[in-house]
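Reader: I have a model open and some questions about how it packs. Can we go through it?

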Amino acid sequence: MMATSSVPPLGKLGAHVSAAGGIPNAIDRIRAIGGDCLQIFISSPRGWQKTTITDEQVAAFRAGVAEHDLTPVYIHALYLANIATSQAELRAKSIDALAHALTTADRIGAAGVIYHTGSKKDQDLSRAMANVVSALREILERSPGTSQLIIEGSAGQQGAVGSPFAELGQMHREVGSDRVKVCLDTCHMFQAGYDVRTTEAIDRTLAEFDREVGLAQLVVMHANDAKAELGRGLDRHENIGHGAIGKAGFQALLHHPSLRSLPWILEVPGFEGLGPDAENLEILRKLGA
Ligand SMILES: [Zn+2]
Ligand SMILES: [Zn+2]
């Protein structure tokens, strides 16, 4: 009798879509490009102003997600938030924004909030890490629901904290909450120096992740090709198969048994320059088949 190799099923393939005009619009937008799950901003990511979400919008959004089987939903936090800072005002605003996002995640039925841990600027790393950990504890206290606070690994930019897996692991351990999870962005990890272009390279990269953080903490992938070569520290996303990671890289990533079944969220520029589109989803789906 022939042995059947057990390949885990491919996870949901989705995208970041606009929620402009109200969160129910995000349902139409993800369906229009053929995505199975989604990520949204709940207000402009480049401003501090909170957008009001009405109970009617919450009900319509939840109904749409259920009807079209679009779980998991993620909220991406503001780009302005920086919980690594020691500046009192920026820190307070960042904690407030993240606690609000986490509370909103529970309200709209989202799995969690994905955020960047920020920039240390001219502080030393240990101070910045301590700031991140105490901020995350405060955010969790202020939003005592069940949604997850998901750390996204950074792209190794100058001053960024949370690029090396060792830093992600330290944050995760020191906060000590089951609600803290991790998102890996293929572009960011590649820019931070983690090669993902072959199965062997992914094995090495994930062995380090497993040692430092634990693969069980990885709950979602951001699927983005990279404009720059390995280890350049540039957070510039490219359409799938058109960047330095390339088609073979994504084929290997989507077939890796530790990654394959996770939700994959596109944050690519799109072939029309309008953000994630049907064509990128199609490429991802073909490479994952
Ligand atoms: Zn992000
Ligand atoms: Zn990302």
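Author: First, a term: axes are lines fitted to C-alpha atoms, for helices over the stretch in contact, and angles run from 0 to 180 degrees between N-to-C directions. Helices (H or I, at least four residues) and strands (E, at least two) are DSSP runs, numbered from the N terminus. This is a predicted model, where local features need pLDDT of at least 70 and side-chain atom pairs count only at pLDDT 80 or more, while totals for chains, interfaces and linings use all residues. Residues are numbered from 1 along each chain as its sequence is written, ligands are numbered from 1 in the order in which they are written, and side-chain values use heavy atoms, without hydrogens and water.

Reader: At what angle do α8 and α9 cross?

Author: Roughly 60°, and the axes of α8 (residues 246-255) and α9 (residues 278-288) come within 8 Å.

Reader: Which residues meet there?

Author: From α8, Lys247, Phe250, Gln251, Leu254 and His255; from α9, Ile283, Leu284, Leu287 and Gly288. Contact here means heavy atoms within 4.5 Å.

Reader: Where is Ile240?

Author: In the loop between β9 (237-238) and α8. Ile240 counts as buried because its relative accessibility is 0%; buried means under 20% relative accessible area, exposed over 50%, partly exposed in between (1.4 Å probe, protein chains only).

Reader: What does Ile240 touch?

Author: Leaving out residues up to four places away in sequence, its contacts include Phe250, Ile283, Leu284 and Leu287, as well as Ala223 and Val268.

Reader: How many residues are in the largest nonpolar core?

Author: 79, with Ile240 and Leu259 among those that have the most contacts inside it. Such a core is a set of buried Ala, Val, Leu, Ile, Met, Phe, Trp, Tyr and Cys residues joined through side-chain atoms within 4.5 Å. Helix α4 (residues 125-142) gives the largest share of this core, 8 residues.

Reader: New topic, the metals. What are the protein donors of the zinc ion (ligand 1)?

Author: His76 (NE2), His116 (NE2) and Glu152 (OE), lying 2.1 Å from the ion. Donors are N, O and S atoms within 2.8 Å of the metal (3.2 Å for Na, K and Ca); water is not among the atoms, so sites may look incomplete.

Reader: Which residue bridges the two zinc ions?

Author: Glu152, and ligand 1 and ligand 2 lie 3.4 Å apart. His76 in strand β3 (residues 73-76) and Glu152 in strand β5 (residues 148-152) are 76 residues apart.

Reader: Are His76 and Glu152 buried or exposed?

Author: Both His76 and Glu152 are buried.
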